[in-house]
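Subject: Structure handover

Hello,

Here is the structure you were going to look at. My notes on what was found in it follow below.

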Amino acid sequence: MRDEIATTVFFVTRLVKKHGKLSKQQIENFAEQLMTILFETYRSHWHSDCPSKGQAFRCIRINNNQNKDPILQRACAESNVDFSHLGLPKEMTIWVDPFEVCCRYGEKNHPFTVASFKGRSEEGELFQRISYAVNRSTLDYSSTSSDEESCNKEPQIIPKVSNPKSIYQVQCP
């Protein structure tokens with residue numbers, strides 16, 4: 001759980017740094033609070049023997065229906081940071097699961113793996129994957145990606161799921 005949460009905090013803070021509205025000290029305070037809140041929140045919802053169990057609970061999500069994720073909002077409040085200064089994408093989902101952290105920018109884009117701890121990669125490789133994921137925020141996200149838009153467009157590809165009864169369990173590439 002430590003690696004997955006650390007990766008999530010590092011990933012989110014890299015997105016925040018990219019936006020450039022917060023000082024280094026504000027980012028550090030936010031990161032510290034986010035780390036504490038994630039550990040506290042996920043502790044009883046972490047199932048290494050069944051990673052898909054509790055996945056919806058461990059999802060950090062921002063979209064048109066919920067423009068402020070409660071965990072991120074709490075981290076902002078506890079670190080005296082204005083949520084709007086984070087500069088996160090309008091639509092972003094982060095799944096923090098045992099052995100893997102995945103992200104999707106926009107509601108209709110495909111999820112991708114930020115980090116996988118199944119085969120223990122080198123630290124430099126992990127840093128490169130996170131940097132790539134941060135850079136994808138400007139490539140993948142478009143302002144017309146919401147699920148709530150008109151339905152007259154061609155249907156999107158449905159991601160494969162390991163539990164067909166769960167809309168939250170997405171297998172990341």
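Buried here means under 20% relative accessible area, exposed means over 50%, and partly exposed lies in between (1.4 Å probe, protein chains only). By that rule Cys76 is buried, with a relative accessible area of 3%.

This is a predicted model, in which local features need pLDDT of at least 70 and side-chain atom pairs count only at pLDDT 80 or more, while totals for chains, interfaces and linings use all residues. Residues are numbered from 1 along each chain as its sequence is written, and side-chain values use heavy atoms, with hydrogens and water left out.

Cysteines. A disulfide is a pair of cysteine sulfur atoms within 2.5 Å, and a search of the whole structure finds 0 of them. For Cys59, the closest cysteine sulfur is that of Cys103, 9.9 Å away, which is too far for a bond. Cys59 counts as buried at 13% relative accessibility.

Core. A nonpolar core is a set of buried Ala, Val, Leu, Ile, Met, Phe, Trp, Tyr and Cys residues joined through side-chain atoms within 4.5 Å. The largest one has 33 residues, and those with the most contacts inside it include Phe30, Leu86 and Ile94. Helix 2 gives the most to this core, with 7 residues. Helices (H or I, at least four residues) and strands (E, at least two) are DSSP runs, numbered from the N terminus. Contact means heavy atoms within 4.5 Å; leaving aside neighbours within four places in sequence, Leu86 is in contact with Leu15, Val16, His19, Leu22, Phe30, Cys76 and Val81. Leu15 and Val16 are among the buried residues of helix 1.

Salt bridges. A salt bridge is a side-chain nitrogen of Lys or Arg within 4 Å of a carboxyl oxygen of Asp or Glu. The search of the whole structure finds 5. In one of them, Arg74 pairs with Glu40, with the closest N and O atoms 2.7 Å apart. That pair links distant parts of the chain, since Arg74 is in helix 3 and Glu40 in helix 2, 34 residues apart. Arg74 also meets Glu78 in a salt bridge (2.8 Å, N to O); these two are 4 residues apart in helix 3, so about one helical turn separates them. Arg74 is partly exposed at 30% relative accessibility, as is Glu40 at 43%. Elsewhere, Arg58 forms a salt bridge with Asp97 at 2.8 Å between the closest N and O atoms, and both residues are buried.

Regards
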